[in-house]
Amino acid sequence: MSKVTVMDHPLIRHKIGIIRRKEVGSKDFRQMISEIAMLMCYEATRDLKLQDVEIETPICPTTVKELQGKKLAVVPILRAGLGMVEGMLEMIPAAKVGHIGLYRDPETLKPVEYYCKLPADSSEREVFVVDPMLATGGSAAAAIQMLKDKGVKRIRFMCIIAAPEGVAKMQEEHPDVDVYIGALDDHLNDHGYIVPGLGDAGDRIFGTK
Ligand code: PRP
Ligand code: URA
């Protein structure tokens with residue numbers, strides 16, 4: 001079964017408390033999403049593998065640690081996932097970035113795919129799929145299936161707010177994918193919105209609606 005980690009860092013909890021407020025406008029919302037993504041990235045990369053490399057300091061040769069393997073990839077689910085990319089890249093500037101386009105049909109709540117462009121060699125990379133919201137889990141599960149269909153094997157999923165329904169779907173459909181959550185909320189309402197949540201993440205990031 002996958003590992004599900006709910007963040008307990010006070011800075012993350014504080015900033016999530018701010019973005020939930022309905023009076024917070026796009027500029028501050030975007031800024032906070034980026035900062036939360038950066039802090040979550042730091043926490044979610046604790047177990048990345050390291051290898052020894054021999055280097056020379058100005059004083060003498062020594063052995064230091066560096067990240068093992070190819071550079072990571074960050075794959076936001078469009079649109080709202082885009083808001084998390086900058087924060088992730090603050091922590092991992094050399095990461096490659098792919099994009100998956102999915103939107104949730106407002107009637108059926110089922111994900112509709114419209115775009116997929118991944119970095120070369122994604123199958124050899126550790127891939128972080130990011131989206132601020134995990135509601136029914138339909139979008140995240142479909143995005144991860146798209147990656148798996150393209151041969152990606154090492155996948156982690158990171159979201160800022162999750163509903164228990166979405167976490168259950170991820171565990172059922174992708175038990176091999178570790179999930180990192182900023183805050184685990186109570187339930188979904190009749191329209192598939194997370195309660196208490198923060199509303200529509202895409203609209204709040206981009207100022208639409
Ligand atoms: C939102 C959100 C997730 C999805 C979560 O995107 O960013 O991708 O809903 O819901 P689910 O877990 O029930 O699938 P939305 O469909 O509103 O598209 P947008 O980002 O383009 O606004
Ligand atoms: N998508 C959002 O942006 N917000 C929710 O609460 C659920 C899905």
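An oxygen atom of ligand 2 lies 2.8 Å from a polar backbone atom of A201. On its own, ligand 2 exposes 240 Å², and the protein buries 88% of that area. The model is a predicted one, and the values below are computed from it.

## Ligand 2

Two further contacts of ligand 2 involve the protein backbone. A backbone N or O atom of I194 is 2.8 Å from an oxygen atom of ligand 2. In the case of G199, a polar backbone atom is 2.8 Å from a nitrogen atom of the ligand.

The shell around ligand 2 consists of R104, M133, A135, G192, Y193, I194, G199, D200 and A201. Sorted by class, these residues are five nonpolar, two polar and two charged. The space that ligand 2 takes up is the largest pocket.

## Ligand 1

The shell of ligand 1 has 14 residues, and the closest are R104, D131, T136, G137 and S139. R104 is also listed among the residues around ligand 2.

Which kinds of polar atom of R79, side-chain or backbone, lie 2.9 Å from an oxygen atom of ligand 1? For R79 the atom belongs to the side chain. By contrast, R104 uses a polar backbone atom, at 2.7 Å from an oxygen atom of ligand 1. A135 also takes part through the backbone, with an N or O atom 2.8 Å from an oxygen atom of the ligand.

By class, the shell holds six nonpolar, four polar and four charged residues.

| Ligand | Atom of the ligand | Residue and atom | Distance |
|---|---|---|---|
| Ligand 1 | oxygen | R79, polar side-chain atom | 2.9 Å |
| Ligand 1 | oxygen | R104, polar backbone atom | 2.7 Å |
| Ligand 1 | oxygen | A135, backbone N or O atom | 2.8 Å |
| Ligand 2 | oxygen | I194, backbone N or O atom | 2.8 Å |
| Ligand 2 | nitrogen | G199, polar backbone atom | 2.8 Å |
| Ligand 2 | oxygen | A201, polar backbone atom | 2.8 Å |

R79, which contacts ligand 1, sits in the loop between β4 (73–78) and α3 (82–91). The peptide bond that joins L78 and R79 is cis, with omega about -5°.

Another cis peptide bond joins V195 and P196, and its omega is about 0°. P196 lies in the loop between β13 (194–195) and α6 (201–206).

## Buried residues

A residue counts as buried when its relative accessible area is under 20%. T45 is at 18% and is therefore buried. T45 belongs to the loop between α2 (26–44) and β2 (50–56). Its side chain reaches the backbone oxygen of Y42 at 3.1 Å.

H174 is found in the loop between α5 (164–173) and β11 (178–184). With 0% relative accessibility, H174 is buried. A polar atom of the H174 side chain lies 2.9 Å from the backbone oxygen of A141.

I155 is part of strand β10 (residues 154–162). Its relative accessibility is 6%, so I155 counts as buried. How many residues apart along the chain are I155 and D52? I155 and D52 are 103 residues apart along the chain, and 24 Å separates their C-alpha atoms.

S122 is located in the loop between β7 (111–117) and β8 (126–130). This residue is buried because its relative accessibility is 7%. S122 and L147 are 25 residues apart in sequence, and their C-alpha atoms are 8.7 Å apart in space.

## Positive phi angles

D121 is in the loop between β7 and β8, where S122 is also placed. D121 is not a glycine, yet its phi is positive, at about 60°. Is D121 buried or partly exposed? At 36% relative accessibility, D121 counts as partly exposed.

L109, in the loop between β6 and β7, also has a positive phi, of about 65°, although it is not a glycine. Its relative accessibility is 22%, so L109 counts as partly exposed.

How values were computed. Residues are numbered from 1 along each chain as its sequence is written. Chains are lettered from A and ligands numbered from 1 in the order in which they are written. This is a predicted model: local features need pLDDT of at least 70, side-chain atom pairs count only at pLDDT 80 or more; totals for chains, interfaces and linings use all residues. Side-chain values use heavy atoms; hydrogens and water are left out. A residue is near a molecule or strand if one of its heavy atoms lies within 4 Å of it. A polar contact is a pair of N or O atoms within 3.5 Å; within protein, one must be able to donate a hydrogen and the other to accept it, and residues adjacent in sequence count only if both atoms are side-chain atoms. Accessible areas come from the Shrake-Rupley method with a 1.4 Å probe; for residues, only the protein chains shown count as cover. On a 1 Å grid over the protein atoms alone, a cavity is a set of points where a 1.4 Å probe fits but cannot get out, and a pocket is an open set with protein on both sides within 12 Å along at least five of seven lines; lining residues have an atom within 4 Å of a point. A molecule sits in a cavity or pocket if more than half of its atoms lie within 2 Å of its grid points. Ala, Val, Leu, Ile, Met, Phe, Trp, Tyr, Cys and Pro count as nonpolar, Asp, Glu, Lys and Arg as charged, and the others, Gly among them, as polar. Helices (H or I, at least four residues) and strands (E, at least two) are DSSP runs, numbered from the N terminus. Buried means under 20% relative accessible area, exposed over 50%, partly exposed in between (1.4 Å probe, protein chains only).
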